[in-house]
Amino acid sequence: MKILFYALILSIFVLLILLSKNSKLNIFITLICSFLIIKIVLNPKICIEAALNGAKLFINSVFPSLFPFLVIINVMMEFGGIEIYSKIFGTILCKPLNLPNHCSFPILVSFICGYPLGAKYSCELYENKSISLSTCERLLNIASNAGPLFVIGGVGASMLNNHYLGYLLLISNYISCFIMALLLKRKDFNAPSINKHFNRKSPKADNIGLVLKRSIENSIFTTLSIGGFIILFSVLTILLKNSIFFSKTTIFISNILHIPINLTNGFIIGLMEMTNGCASLSSIKIDMIYKLAFLSFIISFGGISITSQVYSFTYKYNISMKKYMKRKFIQGFISSITTVLMYKLFYNPVVFTSTFFYNASFNNVYFIKLIIILIALTILPYILKRKKFI
């Protein structure tokens, strides 16, 4: 069966090269999609189970918490909520970050609700000509964070059985966001001034019925779009975990770096999809400081799934997703460093001994390596900024 499968993939690849007049990228994407279709056909049971698990996650957790929040946010925006919040929090939040005052709204939404709503409202500010393109690009990275409900409740309380560690991860995420905001250069100091009535879409916007109708329609579209990404990446993740290529790759990386294979598996899955990656990393029996460092990176980076959700809002504009991912990757490193330092300085493991998994050999061999890596990563953002990579 495996020989037949790879022979079929090879045949498709040869046919695409012979028949297609399109670019190499089109051929590559078509080949990948063909590969996934065949994998789904050959493994229908696990794909259906993965899709159902993704749907359950969306129905039971994401939709109930996100939909009402979105409706209320949209109603508030229709009646000038951005202008009001910019007056109240603009100076406090945005002045230290060197942003226009009305950028406080997507930042607050990002801190309260999490991915990818900060990106959504950042793009809406740009679409309404309230900020420039370069400011929008900066704001996308600053207003892209995991929500407190997921970090404290999902990762801390449920996965690590310790909500205090959830608070530690959340604070590290926020600190890394602030550091990235300081590192990113602002190229347009004189941003466009906000239009007092830009978010009133029609003369009848004061009609609460019409406003509520529009808000519900917009919120349904946004939440269903997010649900589609969750279900899709649930299937892609299970296909990745059950592939020979993934197994061989993780074994190779683990042997090269001399780290547990489960840690490599969890980290790669986290790069694909944040929730499954955090769940996988949380179950590994290693010293908690290493576990938290990897979890912190995944939470701040967000994974390809979150990046795809952000792209669903930015694709209409000339915004570089390559730059966005590069900056999120750097933020993940900064967040990991912050988590390790806060854990060492402020967290008392004696009180929570039962929640720790300790592996002496892993701890003794890798502690010095971790310190060296953290020192290197501390100066990395400044090097990248100097070389204009950020």
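Author: Residues are numbered from 1 along each chain as its sequence is written. Local features need pLDDT of at least 70 and side-chain atom pairs pLDDT 80 or more, while totals for chains, interfaces and linings use all residues, and side-chain values use heavy atoms, without hydrogens and water.

Reader: Why is Asn161 called exposed?

Author: Exposed means over 50% relative accessible area, buried under 20%, and partly exposed in between (1.4 Å probe, protein chains only). Asn161 has a relative accessible area of 59%, so Asn161 is exposed.

Reader: What is the phi of Asn161?

Author: Phi of Asn161 is near 55°, a positive value in a residue other than glycine. Most residues other than glycine have a negative phi. Lys129 also deserves a look: its phi is near 60°, a positive value in a residue other than glycine. Lys129 sits in the loop between helix H6 (117-127) and helix H7 (133-142).

Reader: And is Lys129 buried or exposed?

Author: Lys129 has 67% relative accessibility and therefore counts as exposed.

Reader: Back to Asn161: how far is Asn161 from Ser282 in sequence and in space?

Author: Asn161 and Ser282 are 121 residues apart in sequence, with 9.6 Å between their C-alpha atoms. Ser282 is one of the residues of H13 that make the contact with H8.

Reader: What makes H8 and H13 roughly parallel to each other?

Author: Helices are DSSP runs (H or I, at least four residues), numbered from the N terminus. The axes of helix H8 (residues 148-159) and helix H13 (residues 274-282) come within 10 Å and cross at roughly 30°. Angles under 35 degrees count as roughly parallel, over 145 as roughly antiparallel, 65 to 115 as roughly perpendicular and the rest as oblique. H8 and H13 are therefore roughly parallel to each other, and their crossing is right-handed.

Reader: Which residues make the contact between H8 and H13?

Author: Contact means heavy atoms within 4.5 Å. H8 brings Phe150, Val155 and Met159, and H13 brings Met274, Thr275, Cys278, Ala279 and Ser282.

Reader: Why is H11 oblique to H12?

Author: Helix H11 (residues 244-257) and helix H12 (residues 261-272) have axes that come within 9 Å and cross at roughly 120°. That makes H11 oblique to H12. The contact is made by Phe246, Thr250, Ile251, Ile253 and Ser254 of H11 and Ile261, Thr264, Asn265, Ile268 and Ile269 of H12.

Reader: What makes Asn276 partly exposed?

Author: Asn276 has a relative accessible area of 32%, so Asn276 is partly exposed. Asn276 is found in helix H13. Leaving aside neighbours within four places in sequence, Asn276 is in contact with Thr237 and Ile269. Ile269 also takes part in the contact of H12 with H11. Asn276 and Phe233 are 43 residues apart in sequence and 9.7 Å apart in space, C-alpha to C-alpha.

Reader: How do you know that Thr314 counts as buried?

Author: Thr314 is at 1% relative accessibility, so Thr314 counts as buried. This residue lies in helix H15 (residues 303-314). Apart from neighbours within four places in sequence, Thr314 is in contact with Cys123, Leu140, Ile319 and Met321.

Reader: Why does Ser336 count as buried?

Author: With 7% relative accessibility, Ser336 therefore counts as buried. Ser336 lies in helix H16 (residues 321-346). Leaving aside neighbours within four places in sequence, Ser336 is in contact with Ala293, Ser296 and Phe297.

Reader: How many helices and strands are there in the chain, and what share of its residues count as buried?

Author: The chain has 17 helices and zero strands, and 47% of its 390 residues count as buried. Of the contacts in the chain with a separation of 6 or more, 75% are accounted for by residues 24 or more positions apart.

Reader: What pLDDT does the chain average?

Author: The chain averages a pLDDT (the predictor's confidence in each residue, from 0 to 100) of 76, and 76% of the residues score at least 70. Over residues 188-205 the pLDDT is below 50, and this stretch has 35 contacts in the model beyond near neighbours in sequence. Residues 350-366 also have a pLDDT below 50, with 30 contacts in the model beyond near neighbours in sequence. Where pLDDT is low, the predicted coordinates should not be read in detail.

Methods: Helix = DSSP H or I, 4+ residues; strand = E, 2+ residues; numbered from the N terminus. Axes fitted to C-alpha atoms, helices over the stretch in contact; angles between N-to-C directions. Left-handed = near helix turned anticlockwise from the far one by under 90°.
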